[in-house]
Amino acid sequence: MTEIDAKIDALVPAWLHLPDIAEILDVEVTRVRQLVKEGQLIAVRRGENRTLQVPAAFIKDGKVVKGLSGTLTLLKDDGFTDEEMLEWLFTPDPTLPGTPAQALSENRGTEVKRRAQALAV
C-alpha cells in the first residue's frame, strides 16, 4: 500500500474505497485487505483523509477482473512498484488499443500478459 503522486492519480479514472469493494464482492472488508496483501489488488492511500482506495477498473460484474492478479504478479516479478504498475496499467497503449486495464476488463488478458512479459526481456 502506497501513496501516489498526482500524475498517476490523474491516469486512473475512478477509485473505490475498500468497504465499497467488499460490498460489491459480497465479502468482509478483511477479505479485501487480504487480497491487497496477497498482491491480487493494488490499494493506495489517496484523498484528503488518505484512505485506502483501489482503481474501480479492477472490479467488474461483482468480481476482481480476470487476469489482473496474474498481470500484477508478472509486473511485480519484473521489479515494478505499486505506483509503476498503476502507471503501466492506466497508460494508453496504441497497440492494444486502450489501456492494459481496459483490455483486462474486456477479457483481453492474454495480450496484456504478453506485453507484461515482454517488459522483463
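First, the ground rules. The model is predicted, so local features need pLDDT of at least 70 and side-chain atom pairs count only at pLDDT 80 or more, while totals for chains, interfaces and linings use all residues. Residues are numbered from 1 along each chain as its sequence is written, and side-chain values use heavy atoms, with hydrogens and water left out.

Now the fold. The chain has seven helices and six strands. These are DSSP runs, numbered from the N terminus: helices are H or I with at least four residues, strands are E with at least two. From the N terminus, the order is β-α-β-α-α-β-β-β-β-α-α-α-α. The C-alpha atoms fill a box of roughly 35 × 30 × 25 Å along the principal axes.

Next, the inside. Of the 121 residues, 39% are buried. Buried means under 20% relative accessible area, with a 1.4 Å probe and protein chains only.

Which residues touch the most other members of the largest nonpolar core? They are Ile21, Leu41, Phe58, Leu86 and Leu89, out of 34 residues. A nonpolar core is a set of buried Ala, Val, Leu, Ile, Met, Phe, Trp, Tyr and Cys residues, joined through side-chain atoms within 4.5 Å. Helix 5 gives the most to this core: five residues.

Look at Leu86. It lies in helix 5, residues 82–90. Leu86 counts as buried because its relative accessibility is 0%.

Last, Leu89. Beyond its neighbours within four places in sequence, its contacts include Phe58, Leu68, Leu72 and Leu104. Contact means heavy atoms within 4.5 Å.

Key
Buried means under 20% relative accessible area, exposed over 50%, partly exposed in between (1.4 Å probe, protein chains only).
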